Structures are given as C-alpha cells and as structure tokens.
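Colleague: Let us go through this model by question and answer. Please put the sequence and structure up before we start.

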Amino acid sequence: MSVKLFGNSRAPRLQKDVKKKTKTKTKRTVLDRIVSLFLVLVTLEAMYCTVAFSNIPIIADYRTRFIATAMETMRHRWLATAFFPPAVVKAVTDQMAATQEAQIGVNSEWNKGTKLDETAKAAADEEEEENPEDQLPEDQKAFFELFSEIDFDSMQTYVKRHPEVVARGWDKIKINESDTDSDGVDILTTQGDRVLALDVKNAVLLIRVTGSGYRGVLALAKDPARVSIQVASSLGSYGEVAGDIAEAHDGILAMTASGFIDNGGAGNGGILAGYAMCDGEEYGREHMGWSYKRAELHKDNLLYITDAQAEVHPDTTDAVEFMPALIVDGEVLVDETNFWNAINPRAVIGQNANHDIMMLVIEGRQYNSLGTGVVECAAILHRYDCMQAMNLDGGSSAIMWYDGEYVTRCGNNALPEGRTLPNAFVYKAAD
C-alpha cells in the first residue's frame, strides 16, 4: 500500500498576500503619521498666530505683559525677540517709551500746595473722631501714635495672649517673625496686612504684603534722619551684599539702592549705573539718560523725585537713579494702561505722609511668588499713604535685610544673600 503526501499549495500565495497587506498597512501608517504631523503643525501655527497677532483683549494683555517682562530684563530679552515678530515687540516697546516720556518733568513739591496737606488733614480729622487710645496709659498712647498703622483691637488681643512682649513696657516691645517663610503674627495693620516685625526702640515696622501671584515685605522706617545710602567698600572692583553693607554702617534695616553695569548678567556690582550720592559723597560719572528719574533725600529728611538729568539739589544728602516714578506728591502715576506691568521681582523706595521711609521688596521667580508689576507696587504703597515713590533696580538684585537676616528671597535661589550691590539703603540702629 502506498501513501501519497499532498503539499500545501496555498501557502506561498497566503504568504504573498500577508506581505502585500503588511506593506499596504505600513504605507497607510506612514501616511497617517504625516497627516497627523501636518495637522499638529497647522494647529501650532494657528495658535502662534493667535498669540502673536490677536487683538482679543485677554490674549493681547498677556502678550504685552510677557514681552514687557522679557524686555525689562537684559538677560531675558531673547524670550521676546525669539518668539515674537520684530513689529509686535516694537509696538510694545514704543508703548513703554511713551509711558516713560510722560514722566519727564514730573517732580516732587512737598511744600507747594501738594496733597500732603489734604492727607494730613484727613488723618487728623479721622483721629479726632475715633480715639480708642484716649484712656490709655502714656506709654501705650505713645506706641499707637508712633505706629499709627497698627490695628488697635488686634494689638490689644495679641498683648493679652502674649503678655511677655510688654513685660518691660510698651516702649520696649520687640517682635520679630520676619523670616522668609513666615506669614507674620496675629497683629494686623489698619489696611488688613499681617505684621512681621515690630521694634519700638528702632522705630521699625515690617509688614507682610501678598496678592495674586506675589508676596513681599513692606518696611516702615519711622525716623527718616537715620536713613542713608551706604556704598560697598570695594566699589569700583566688586560690590557687597546688602547685609554686609548694613552691618558695616550700624544698620538695622537695608535694601537695594542703585543698579549696576551687568553685561550678560555677569556683573558683580562693582560698577555703578548712573549717578548716586551716598551719605553726602557723589559716585558715578554720568546721570542716567532719557526719562530716568532720581530720588533725592534732602537735609529736611524728605524724599524728592526729579528727572535724572536735572541738576542735583544742593540740599541733597543721598540720591539714586532709576525708573519709573510711581507716586509723586500723593498722585499715582502708573496704571494698567501704562505698560508697566512686567511681572518681576521688585524694589521700591518711598515716603509717606508721616514721613516714614517706605522700603518695599516683592519676591519673584519663586514657586509661590512670580513677582508683580509696578502698578501693584504703587497700589500697596498708596494704601499706606505714600506721598513719593520710585521703582529701583529689581530682578535678582531686589533684596531686604533686617536685624541680621534676609527677610526676602532673591530671584535667583542660588544666591540666598542676593547679588553683590554697589550700595544699599541703610536705616541705622538707634543708639
């Protein structure tokens, strides 16, 4: 008996069909990927055109803020020029220039019918109407007269809970919860902010200020005669951090003052930008240019704001140049239409109707504080009756130091003491 073996004659044909189908599927897969990539590119281009050119208000506002923020900082300008067409960037910088030009010729006139009289009168009238301190002992009266920003009820409640703070008398109160992570104590200002530090002997009040996307510190130095700009001992070669400058000049409080030459972000604070007067001595070869302003402390212990190109007043003891002026004679000069809304770390010097020197530093480039624009800075100061205020060099130069420690964080986390500076505003400790 014989057995006949049959081979699978369909196998080659099936293999051929499988190869054909695989090849067709591969072609379709490649085509699908090409189409998908094309659609992604078209979508991205449409999104880019919308962001770059749209006149939809919310998009235009964020575009302007982004470009202004980048253009305000030398090291970050490429973020604007690399992603937006030159014409779009120029439109924003032209608007910024127009805002700067509007400030030329706007100068302080404290004693010439300014809003100081109105502010002081309103404060006096309010105090006459409401005086819960009338029946207080003299040391408590003196306290609330000096620290008129302190909310009466919250202070009394805090003292009841912490009697140790007044154990040596109200004139010896010293509270300090001003480390960078602190939200403050349970003492409020009349504006609703929390107190970080309260030092009666040195006449200093530190306040935690917060808002949408930012946090910072407002310091009120209540004896303007003890405020000066002090220079880094090594100016001309390199700068010093604010705390070192303060400690070298018996300071209890210090913050950023002048800007410095910072080519490529590699400056060391050794070459001052523009002109400065530090405790009566002049520094800097040339005044800052077009539209820059100068804040001058005079012998009358008042802060005046003038054009940087103007002649320095003969009574000036200390001066610093930057821009823009935020408040002059009680009038806020910046608003949402002025294109001063770049989100950055900020430093501002000012003086209120009580003649307290106001030092404001807003942290930036942090996970819980991106920074803010000068419009918000002006609003903070205005709430505390600010009469004169000028924006200073911000960015990673913005820093505040108090009583041996830094109370704000530098915009560069690698520099816990901040950048080295050519000089600093210093408030000297009481004798």
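Colleague: Are Asp356 and Lys222 buried or exposed?
Modeller: A residue is called buried under 20% relative accessible area, exposed over 50% and partly exposed in between, with a 1.4 Å probe and protein chains only. On that scale, both Asp356 and Lys222 are buried.

Colleague: Which pLDDT must side-chain atom pairs have to count?
Modeller: Residues are numbered from 1 along each chain as its sequence is written, and side-chain values use heavy atoms, with hydrogens and water left out. This is a predicted model, in which totals for chains, interfaces and linings use all residues, local features need pLDDT of at least 70, and side-chain atom pairs count only at pLDDT 80 or more.

Colleague: How many residues apart in sequence are the parts that Asp356 and Lys222 tie together?
Modeller: Asp356 and Lys222 form a salt bridge, with their closest N and O atoms 2.7 Å apart. Asp356 is in the loop between β14 (346-352) and β15 (357-362), while Lys222 is in the loop between β4 (214-221) and β5 (227-231), so the pair links parts whose separation in sequence is 134 residues. A salt bridge here needs a side-chain nitrogen of Lys or Arg within 4 Å of a carboxyl oxygen of Asp or Glu; helices (H or I, at least four residues) and strands (E, at least two) are DSSP runs numbered from the N terminus. The value asked for is 134 residues.

Colleague: How many salt bridges does a search of the whole structure find?
Modeller: Side chains of opposite charge can pair when their charged atoms come close. Searching the whole structure for such bridges gives 14.

Colleague: How many residues apart in sequence are the parts joined by Asp262 and Arg419?
Modeller: Asp262 and Arg419 form a salt bridge at 2.8 Å, N to O. Asp262 sits in the loop between β6 and β7 (276-278) and Arg419 in the loop between β18 and β19 (423-428), so the parts tied together are separated in sequence by 157 residues.

Colleague: How many disulfides does a search of the whole structure find?
Modeller: Cys386 counts as buried at 2% relative accessibility, and Cys410 counts as buried at 3%. The criterion is a pair of cysteine sulfur atoms within 2.5 Å. Applied to the whole structure, the count of disulfides is zero.

Colleague: Is Ser291, with its positive phi, buried or exposed?
Modeller: Ser291 has phi near 75 degrees, a positive value in a residue other than glycine. Its place is the loop between β8 (281-283) and β9 (293-298). With 6% relative accessibility, Ser291 counts as buried.

Colleague: And Asp250, is that residue buried or exposed?
Modeller: Asp250 has a positive phi near 55 degrees and lies in the loop between α8 (242-248) and β6 (251-256). At 59% relative accessibility, Asp250 counts as exposed.

Colleague: What is omega for the cis peptide bond between Met323 and Pro324?
Modeller: Pro324 lies in the loop between β11 (316-322) and β12 (325-328). The cis bond that joins Met323 to Pro324 has an omega of about -10 degrees.

Colleague: How far apart in space are Ala97 and Trp290?
Modeller: Ala97 belongs to helix α4 (residues 86-101) and is partly exposed, with a relative accessible area of 25%. Ala97 and Trp290 are 193 residues apart in sequence, and their C-alpha to C-alpha distance is 9.8 Å.

Colleague: Which residues of helix α9 are buried?
Modeller: Helix α9 covers residues 374-383 and is followed by Asp385, whose phi is positive, near 60 degrees. The buried residues of α9 are Val374, Val375, Cys377, Ala378, Ile380 and Leu381.
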